[in-house]
Amino acid sequence: MKNFTTQGFKLSLKWVTLLQYRYLAKMFIVQVIALLLLLFLFTQNWLMPDSGDVSVPDAKYFEDTVVTTMNFCFLLLPPFMIVGTLHSLLRARSRQLCLMMPSTAAERYVAHILTAVVWLLVVYPLSFIAADLLRWLVFAAFGKGSLGMILTFNNLGDRLQDLLGIVRLDDITDAVFLTAWLLYVVGGWWCALFFNTRWLIAFGFFCIAYPCIFVLPASALWGDNSYPFFLILNLFLLCFISWHSWKLFKNKRMKKVRS
């Protein structure tokens, strides 16, 4: 990436934010609602009244369930969150304004990546805290206020460590899992740049093609010995998709904007 300057990067970051802040605010609300619905889905049993025939699990089990929900959503939502940060490139008018900024493609690209990373590592925990607060208010209204907000009041640091624990690298299995998850995230970015309005269909095919073409055959042939193959494959695909995403971003042409 040539001609990258701090001044141009700050300008790109400013304009990317200005072009997308309304859409990102809407996406934050949608994300909170989605997390709230999933929290209710996984914790609905705690709203049931106690009876002799129904055994309601204790608060510790409740906390473990919410942490599992938090991690589960963190694994599934990133591609859709990151595609949302590319909103200014998925509409012709916004793309025109973005490309007219007095900055280089490299500066705009890094600005988009930083927006995506901030959304993933900062906005997601905030949206989960907001959803957990709303869930707690509903539970309190039903007399279940003792089941507090685990991310805001109860062991915040430990719970965030649980979230970041999914990216640990203790052995080759963790490395394969992490690279596969990154491939899943970067694949959403690449599909959005390559297919624009058809990105969701393309991403669906991407998610299906990866296990059908690579995972199932390799697992059938080598079993547990296939982990080194998956690690090399994931790293190769990550490098290729990242490089091709940059080329697509750099060479993106302005489409004709209808009046």
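**Exercise 1. Which residues line the second largest pocket, and which helices give two or more of them?**

Let's start with the list, working on a predicted model. The lining of the second largest pocket is made up of Val176, Ala180, Leu183, Tyr184, Phe206, Cys207, Tyr210, Pro211, Val215, Tyr227, Phe230 and Asn234. The biggest contribution is from H8, with five residues.

Now sort the lining by class: 11 residues are nonpolar, one is polar and none is charged. To finish the picture, the volume of the second largest pocket is about 230 Å³.

**Exercise 2. How do helix H1 and helix H5 lie relative to each other: roughly parallel, roughly antiparallel, roughly perpendicular or oblique?**

A packed pair of helices is described by the angle and the distance between the axes. For H1 (residues 6-43) and H5 (residues 105-141), the axes come within 7 Å and cross at roughly 30°. Angles under 35 degrees count as roughly parallel, and H1 and H5 are therefore roughly parallel to each other. The residues of their contact divide into 24 nonpolar, eight polar and four charged. As for handedness, the crossing of H1 past H5 is right-handed.

**Exercise 3. Is glutamine 20 buried or exposed?**

First, find the residue: glutamine 20 sits in helix H1. Then check its relative accessibility, which is 0%, so glutamine 20 counts as buried; the cut-off for buried is under 20%. Finally, look along the chain to leucine 89, 69 residues apart from glutamine 20: their C-alpha atoms are separated by 10.0 Å.

Technical notes
Residues numbered from 1 in each chain as written. Predicted model: local features only at pLDDT ≥ 70, side-chain atom pairs only at ≥ 80, totals over all residues. Heavy atoms only, no water. Axes fitted to C-alpha atoms, helices over the stretch in contact; angles between N-to-C directions. Helix = DSSP H or I, 4+ residues; strand = E, 2+ residues; numbered from the N terminus. Parallel < 35°, antiparallel > 145°, perpendicular 65-115°, else oblique. Left-handed = near helix turned anticlockwise from the far one by under 90°. Nonpolar A, V, L, I, M, F, W, Y, C, P; charged D, E, K, R; others polar. 1 Å grid on protein atoms, 1.4 Å probe; cavity = no way out; pocket = protein on both sides within 12 Å on 5 of 7 lines; lining within 4 Å. Points joined across faces, edges and corners; volume = space filled by probe spheres on them. Buried < 20%, exposed > 50% of the residue type's maximum accessible area, 1.4 Å probe, protein only.
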